[in-house]
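Let's take a walk through a protein together, from its overall layout to its charged pairs and its nonpolar core. Have a look at the sequence and the model, then read on.

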Amino acid sequence: MRGPSGRIARFRRRLHPGRNPLTRFGDRVEAALLVLVFAGALLALPFAAAFGSETYASQTARAEQERTTRHPATAVSLVAAPSQSYSTDGAGAPADQSTVQAAWFDARGARHTGDVLADAGSPAGTHVPVWLDQRGELTNEPLSPSTSVADGIFAAILLWVAITGALAAVYGAGRFVVSRLHSAAWDRAWAEARHDSRF
């Protein structure tokens, strides 16, 4: 039997050999391992969902804390931005932005200077939006709600893939061992058949 229906039938026989007299002990071990993989993958779903929910809650709390300790401000570039960005740390800036020296004032009116990202080729005096921490130093933009959701989903998927991958590895190792045992049994059977044929 060929086609999808044939593959489904072979898969069902592998998953449940039944009482077929030709079924070997190794076939039943392989079927048990396959059932373990599917059962483990299903049982891992609620654990992965709970882990994703915890990650989402943690990231949401972090985002709320960042929103209360960070605020937007405007920096003014002190020099013209190069037309191309160059990186010294291997990370680099976006292709359409360059790092320039800029100045800004914190909530207390104190002046700060530092490197910010400005549009490539922009002149000195360009206003650049930045985020500041409670000390008036540059920091990253607070986490957004969508980022928290994405982190939770990614964490859940990652845990589920890790568990199912480990189970699949166990199945693969077990199938390899069973295959070697079957091959050894065939070799012994052929050796005995050749020995018997000499008499």
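Predicted model: local features only at pLDDT ≥ 70, side-chain atom pairs only at ≥ 80, totals over all residues.

We begin with a term for how well a residue is covered: buried means under 20% relative accessible area, exposed means over 50%, and partly exposed lies in between (1.4 Å probe, protein chains only). Residues are numbered from 1 along each chain as its sequence is written, and side-chain values use heavy atoms, leaving out hydrogens and water.

Now for the layout. The protein has three helices and five strands; helices (H or I, at least four residues) and strands (E, at least two) are DSSP runs, numbered from the N terminus. Starting at that end, their order is α-α-β-β-β-β-β-α. Of the 199 residues, 26% are buried.

Next, the charged pairs. Side chains of opposite charge can pair when their charged atoms come close. A salt bridge here is a side-chain nitrogen of Lys or Arg within 4 Å of a carboxyl oxygen of Asp or Glu, and the structure holds five of them. One joins E66 and R62, at 3.0 Å from N to O. Both residues sit in helix α2 (residues 25–69), four residues apart, or about one turn of the helix. E66 is buried, at 5% relative accessible area, while R62 is partly exposed, at 42%. E66 also meets R70 in a salt bridge, at 3.6 Å from N to O. Another links R135 and D133, whose closest N and O atoms are 3.7 Å apart. Here R135 is exposed, at 59%, and D133 is buried, at 16%. Through shared partners, salt bridges join R62, E66 and R70 into one network.

Which residues form the largest nonpolar core? A nonpolar core is a set of buried Ala, Val, Leu, Ile, Met, Phe, Trp, Tyr and Cys residues joined through side-chain atoms within 4.5 Å. The largest has eleven residues: A73, A75, A81, V100, A102, W104, V116, A118, V128, V130 and L132. The strands β1 (71–77), β2 (97–105), β3 (111–119) and β4 (127–132) each supply at least two residues of this core. A second, separate core of five residues includes L33, L34, V37 and L167.
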